[in-house]
Amino acid sequence: MSGGAPLPDDAWELLADWLPGDDEPDRPQVTLSTVDADGGPDARTVLLSSVARDGLSFHTDAASRKAAQIAANPLVAVTVLWPGFTRQLVVRGVASTADPVDVAAAYRARSPYLQQLAWLNSHDFAALPLDERRARWAAFADEHPDGFGQPAGWTGFVVRPTRVTAWESAPDTASRRREWTAGPDGWSLSHRAG
Ligand SMILES: Cc1cc2nc3c(=O)[nH]c(=O)nc-3n(C[C@H](O)[C@H](O)[C@H](O)COP(=O)(O)O)c2cc1C
């Protein structure tokens, strides 16, 4: 599978036009689809941390199911749906571990709540009764009045696109998709029914 080549101008222009800039505080919520070692599909929502011409980045817990699935099979898909069902973007690609500098920057950019969550995001914590989860959450915040450093298990992935499919609706004609596919001779653009 080819991958890793920077997006062609027109696909990049589309992503830059459709997705918010990396400096926008509200990050897009995207569906990340993965496949496990047995070929079983999985999906969940993650925040898109950044978008660059050679990849889309998200950040997560290194001990998570998605991280294990990517280690077993790096082929993933990222789906973005726009309010009002006017646009859908599907990026198929190959995930690889993000650069540590990028991982640290993404942690710093997260809200205090999400930074704390990265510390307390364990199955054991999740199994506690609500009162105890609240008490431990508050105690952890009290113990760290100056904020939280980056936990060891915090990591990130870059999805290097191999296919980008942009679906657009229109009130007065048929919806359609523009699709950029990476091949041995570079990227090709095709049009597909909606
Ligand atoms: C709106 C929203 C945003 C989320 N953002 C993230 C995220 O950026 N990173 C993350 O690891 N989990 C995020 N989650 C939680 C994931 O959906 C998921 O439950 C968690 O990462 C565990 O997934 P896994 O067991 O498949 O690895 C988010 C959930 C929602 C509903």
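Phe140 is a buried residue in this predicted model, because its relative accessible area is 13%, which falls under the 20% limit for that class. Its ring pairs with that of Trp119: the two centres are 6.0 Å apart and the planes stand at 40 degrees, so the pair is tilted. This pair links distant parts of the chain, since Trp119 sits in helix α4 and Phe140 in helix α6, 21 residues apart. Trp119 itself is partly exposed, with a relative accessible area of 40%.

How many aromatic pairs does the rule give in total? The count comes to six aromatic pairs, and one of them joins Tyr113 to Trp137, whose ring centres lie 5.0 Å apart with planes at 35 degrees, so that this pair is tilted. Tyr113 belongs to helix α4 (residues 112–120) and Trp137 to helix α6 (residues 130–143), so the pair ties together parts that are 24 residues apart in sequence.

| Residue | Relative accessible area | Class |
|---|---|---|
| Tyr113 | 49% | partly exposed |
| Trp119 | 40% | partly exposed |
| Trp137 | 22% | partly exposed |
| Phe140 | 13% | buried |

Why is Trp137 counted as partly exposed? Its relative accessibility is 22%, and buried means under 20%, exposed over 50%, so a value in between is called partly exposed.

How values were computed:
Residues are numbered from 1 along each chain as its sequence is written. This is a predicted model: local features need pLDDT of at least 70, side-chain atom pairs count only at pLDDT 80 or more; totals for chains, interfaces and linings use all residues. Side-chain values use heavy atoms; hydrogens and water are left out. Rings of Phe, Tyr and Trp (its six-membered ring) pair if their centres lie within 6.5 Å; planes under 30 degrees apart count as stacked, over 60 as edge-to-face and the rest as tilted. Helices (H or I, at least four residues) and strands (E, at least two) are DSSP runs, numbered from the N terminus. Buried means under 20% relative accessible area, exposed over 50%, partly exposed in between (1.4 Å probe, protein chains only).
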